[in-house]
Amino acid sequence: MKHLSIIFTVLILSTAGAPWMQAQEYTPVPVTISKEKVKVDGKVYYSHIVLERQTLYSISKAYNVTIDQIYEANPSVKAEGLKKNAIILIPGAEEEARQDRQAVRQKQSEAKSDEYIIHTVKWYENLDAISEKYGVSVEAIMKANGLTGNKLKKRQKLRIPLGEAESDVTAIAAGEPEAGAPEMPEAKVQSPDIAADSGNVNAVLIMPFDASALRPDTGSMDFYCGTLMAVKEMGDNGINIDLNVYDADAAAQASAEQLSLSDIVIGPVSASGLSAVLQKSPGHPYVVSPLDHRAEYLASSHSNFIQAPTSSLLLYEDLAEWIKEDRKSLEEKVIVIYEKGSRNIETLSVMNTILEKDGIPFSTFSYSILEGRDIQEPLMGMMSTEAPNRVLVMSESEAFVNDVVRNLNLLIHEEYEIVLYGPSKIRSFETIEVDNLHNARLHTSLAYYVDYDNARVMDFVKKYRALYSTEPTPFAFQGYDIASYFLGLCGKYGKDWASMLENNEKKLLQTDFKFSKEEGKKGYVNTGIRRIVYGPEYSITLIQD
């Protein structure tokens, strides 16, 4: 890394927060005690990943702790409930960790008499990383351990020949983090199209850290942590980043002159904050909206504005296009359901126009939540019994969408074939039973989606865990994606980087970037969208282009 300069206008005291996932309730399933341990505020906890259908009761019984003890270690669980794939802390690991350390020290002592150091393989390590750490050749490690290949297992014990190594023993108990900040793992997540020996980038990041509060905003901190990982990688690839960081509350301290000297401003989050920055710096530099999909309207009046999150309207338009692509015969029915008195009149009008333009016959059905018990019969009258019924629900109301999904599942049990197309927000509605979404084969278009089976995602997660001792949240993924994409373009193309936006379509960790200047827009908007389908046995499939 050639050069990295980060200037703070505020003192930030917190790091990454707890993961944000979708909450669901299920029938209890067996709970396996985790072998992963973490140290938080001097205490050692089990790090437990919540699986589908696990409950607080079943988890507490497996670990022999009370539910109140789990609440105490995880305040967000008491407020929000268990969430699938969330990582929660379980007390009671101190004694096991002590025994692990004692056993490791004993083995190390025994090993030293044979002139070997014992190293416990961590989840992100490979032979090259271990070789570099101890100054011992890969061949010597393989010979000392009888290895015939490069593949290692997590927590595998390796003998490191002392004859070649001068380092002190640093192996730790399985799963327990080392003291201090861990080193970045060797596995590299490459930023997109970063050219070696590129130029300097002067960037400004403005986020609502709320640093004056006792507990700074965790979402902003997670975004910032992801940004730092991208900045570090770009430094390794020859892009020198000067990153000036402002708390949104103190952003007024950044003068118009300071902003004008920047190549790019990322943030603030809110439309009002973005508007204030744009007023202060008309025309230059480019200002990126990193998180708020509702800020897209600013592209209509500001030529130096870039909307990174895809808007809700574009997501609905994609759902209509998806229905058009999926519909195979005239017998298939298309039904648009919306709530009486809905405020999404503009979106409804656009959707109707799209369907009509494409020559797709469709019916509309509206009702109020109070009428939910009486809609099955009229819905059946609109549906086909011989072909799929493609139902598009147009609502952001959790109560209404929940009622629609419940009624559709009752019709599915009556042997109606139904495919549900719904807004991205449906995945965050906690009152909807996920079984019903799978039964209805939910199709949804998203601005953000993380495929944890993707190799690049897995590498990022490993590095993030190693550096911050926690799991990356969607905010962390977005911080990485935004910084990788925009700062990478700045470093590669220099002052004219924005002119290359429309020619640089990228798929990053959770966001697809595909920019254009739409009709009536002066600035750029992102039209990148990810599609997922809920299938049988709790499968969720990312539909690749």
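Reader: How many aromatic pairs does a search of the whole structure find?
Author: The search finds 19 aromatic pairs. Rings of Phe, Tyr and Trp (its six-membered ring) pair if their centres lie within 6.5 Å; planes under 30 degrees apart are stacked, over 60 edge-to-face, and the rest tilted. In Phe 365 and Tyr 367 the ring centres are 5.9 Å apart and the planes stand at 50 degrees, so this pair is tilted.

Reader: Where does this model come from, and how are residues numbered?
Author: This is a predicted model, in which local features need pLDDT of at least 70 and side-chain atom pairs count only at pLDDT 80 or more, while totals for chains, interfaces and linings use all residues. Residues are numbered from 1 along each chain as its sequence is written, and side-chain values use heavy atoms, with hydrogens and water left out.

Reader: Are Phe 365 and Tyr 367 buried or exposed?
Author: Both Phe 365 and Tyr 367 are buried. Buried means under 20% relative accessible area, exposed over 50%, and partly exposed in between (1.4 Å probe, protein chains only).

Reader: What about Phe 486 and Trp 497, how do those rings sit?
Author: Their centres are 6.2 Å apart and their planes are at 80 degrees, so the pair is edge-to-face. The pair links distant parts of the chain, 11 residues apart: Phe 486 is in helix H16 (residues 474-493), and Trp 497 is in the loop between H16 and strand S17 (506-507). Helices (H or I, at least four residues) and strands (E, at least two) are DSSP runs, numbered from the N terminus. Phe 486 has a relative accessible area of 0%, so it is buried, and Trp 497 is buried too, at 2%.

Reader: Which residues do ring pairs link into a cluster?
Author: The cluster holds Tyr 286, Tyr 485, Phe 486, Trp 497, Phe 513, Phe 515 and Tyr 524. Over the ring of Tyr 524 sits the charged end of Lys 517, 4.9 Å from the ring centre. For that, NZ of Lys or CZ of Arg must be within 6 Å of the ring centre and within 35 degrees of the ring normal.

Reader: Which residues touch the most other members in the largest nonpolar core?
Author: Of its 48 residues, these are Ile 264, Ile 306, Phe 486, Leu 487, Trp 497 and Leu 501. A nonpolar core is a set of buried Ala, Val, Leu, Ile, Met, Phe, Trp, Tyr and Cys residues joined through side-chain atoms within 4.5 Å.

Reader: And which element gives the most to this core?
Author: H16 does, with 10 residues.

Reader: What does Ile 306 touch?
Author: Leaving out residues up to four places away in sequence, Ile 306 touches Tyr 286, Val 287, Val 288, Ser 289, Phe 486, Trp 497, Leu 501, Phe 515 and Tyr 524. Contact means heavy atoms within 4.5 Å. Apart from this core lies another, of 31 residues, among them Ile 432, Leu 437, Ala 440 and Tyr 534.

Reader: Why would nonpolar side chains be buried together?
Author: As a general rule, that is how they tend to be in soluble globular proteins.

Reader: New topic. Which residues of helix H6 are buried?
Author: In H6 (residues 138-145) they are Val 138, Ala 140, Ile 141, Met 142 and Ala 144. These pack against strand S5 (116-120), helix H5 (127-134) and strand S6 (157-161). Just after H6, Gly 146 takes a positive phi of about 65 degrees.

Reader: Which residues have a positive phi although they are not glycine?
Author: Glu 415 is one of them, at about 75 degrees, and Arg 441 is another, at about 50 degrees. Glu 415 is in the loop between helix H13 (398-413) and strand S15 (418-422), and is exposed, with a relative accessible area of 67%. Arg 441 is in the loop between helix H14 (434-439) and strand S16 (443-446), and counts as partly exposed at 32%.

Reader: Where are cis peptide bonds?
Author: One runs from Gly 267 to Pro 268, with omega near 0 degrees. Another joins His 284 and Pro 285, with omega about -5 degrees.

Reader: What pLDDT does the chain average?
Author: The average is 79, and 78% of the residues score at least 70. pLDDT is the predictor's confidence in each residue, from 0 to 100. Over residues 1-5 it stays under 50, and over residues 7-28 it is below 50.
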